Amino acid sequence: MSEARAVAGDAVSGPISGDDGVLVGDCVSLMNRLPEACVDLVFADPPYNLQLNGELHRPDNSRVDGVTDAWDKFPDLAAYDRFSRDWLAAARRLLKPDGTLWVIGSYHNIYRVGSILQDLGFWILNDIVWRKTNPMPNFRGRRFTNAHETLLWCGKSPDSKYTFNYQAMKSLNDDVQMRSDWLLPLCTGPERLKQDDGSKAHPTQKPEALLHRVLLAATKPGDLVLDPFFGTGTTGAVAKRLSRRFIGIERDKEYANLAKQRIAAIEPMTIDDIMTPDKRQEPRVAFGVLVERGLVKPGAVLFDAARRWTARVRADGSVISAETKGSIHKVAAEVQGAPTCNGWAFWHVDIKGKPVSIDVFRQQIRAEMGGLR
């Protein structure tokens, strides 16, 4: 039994089926039977309530394989709003104080969902536009092509100390700050699960690239992710690959079985292969710790890379130059006449005739402390 299933199994009893973090049944009912504040992130891809009237055909009169399933149909907007309020309230109860919610939708539903989640106390952090590289055309030619969907990323409250792996997102984007418009293709090719007759196993299967970005951005290895509309398990597959735990809730047994088979074939990555730690989240190390440990000795002379300025190390971790004394940062700034300076990057010591940045020793201590692990 997986850790995620163990979390669910502690609180869920009765005639439900589920293993490897997959629970089969009504999402609100099952969420209400899970422990309060146990989830780090909720990713929800709820029914969009597309309100399709009749079949849609291409210009050659071939039928478009759209969403006509019963799970996407509601008698009216009031019924859809009640459904949205119920699952959002259940998700809010399960989120930890610093957890976040992601919900995806189209123009059919996302504005109604957004209004309800704000009424419930969620705090919107971003709205993300997923711009599709290969959208379905507007075959009737009466509207613009619907080429995007919207994701709302929300904290549980304005005070939530939520996870955002800024450096990972920047690295994923060729070392440029990640924007809120994401250009990604629809789920196609080998990734798209198919029935024996070649038809789509699920009409709205999301691409793994989308979930990869969401989970890499807003969770840490070992975090617990909940998907209350699990479908064929994209969230679980990506969570397992990225060494996150997951609970998926799906009311359709066939979809749930496909999800289990898909996820069983996933090999999780090692922690070292997932992402570079965000320096802002690394343990704080004072320069005095280097002095205490003998990595930089009292009396040692610090110098900048160009050897224009020097400062001497004192036993209490402060440094002194001809002009000033204080922390490594204060002295580095004042010798340059600068308002601020990162002393870790500025100062070096001589080791066997070679200049070595003092930051090398800080990283050595961080490694001993375990970094982010």
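Is Ser318 buried or exposed? The model is predicted, and in it Ser318 has a relative accessible area of 11%. Because the limit for a buried residue is under 20%, Ser318 counts as buried.

**Ser318 and its surroundings**
- Ser318 belongs to the loop that lies between strand 11 (310–313) and strand 12 (319–320).
- A polar contact of 2.6 Å joins the side chain of Ser318 to the side chain of Asp316.
- When residues up to four places away in sequence are not counted, Ser318 touches Arg312, Val313 and Gly326.

**Helix 3**
- Helix 3 comprises 18 residues, 77–94. From its first C-alpha to its last, helix 3 reaches 26 Å, close to the 26 Å expected at 1.5 Å a residue.
- At the N-terminal end, helix 3 is capped by Asp76, which has a side-chain oxygen 3.2 Å from the backbone nitrogen of Ala78.
- The buried residues of helix 3 are Ala79, Tyr80, Phe83, Ser84, Trp87, Leu88, Ala90, Ala91 and Leu94. They lie on the same side of helix 3, because the arc they cover around the axis is only 160 degrees.
- Among the elements that cover these buried residues are helix 2 (27–31), strand 3 (39–44) and strand 4 (95–105). Helix 4 (110–119) and strand 8 (224–227) are also included in this cover.

**Nonpolar cores**
- In soluble globular proteins, nonpolar side chains tend to be buried together.
- The largest nonpolar core in this model holds 36 residues. Phe43, Trp102, Leu151, Trp182, Leu210 and Leu215 are the residues with the most contacts inside it.
- Helix 6 (residues 208–218) gives the most to this core, contributing seven residues.
- Neighbours within four places in sequence aside, the contacts of Trp102 include Leu41, Val42, Phe43 and Ala44. Trp102 is also in contact with Ile128, Leu151, Leu152, Trp153, Trp182, Val214 and Ala218.

**Arg245**
- Arg245 is part of strand 9 (residues 245–250).
- Arg245 counts as partly exposed, because its relative accessibility is 22%.
- Although 224 residues separate Arg245 from Gly21 in sequence, their C-alpha atoms are 8.1 Å apart in space.

Terms used. Residues are numbered from 1 along each chain as its sequence is written. This is a predicted model: local features need pLDDT of at least 70, side-chain atom pairs count only at pLDDT 80 or more; totals for chains, interfaces and linings use all residues. Side-chain values use heavy atoms; hydrogens and water are left out. Helices (H or I, at least four residues) and strands (E, at least two) are DSSP runs, numbered from the N terminus. Buried means under 20% relative accessible area, exposed over 50%, partly exposed in between (1.4 Å probe, protein chains only). A polar contact is a pair of N or O atoms within 3.5 Å; within protein, one must be able to donate a hydrogen and the other to accept it, and residues adjacent in sequence count only if both atoms are side-chain atoms. Contact means heavy atoms within 4.5 Å. The expected span of a helix is 1.5 Å times one less than its number of residues. The arc is that of the directions from the helix axis to the C-beta atoms. A nonpolar core is a set of buried Ala, Val, Leu, Ile, Met, Phe, Trp, Tyr and Cys residues joined through side-chain atoms within 4.5 Å.
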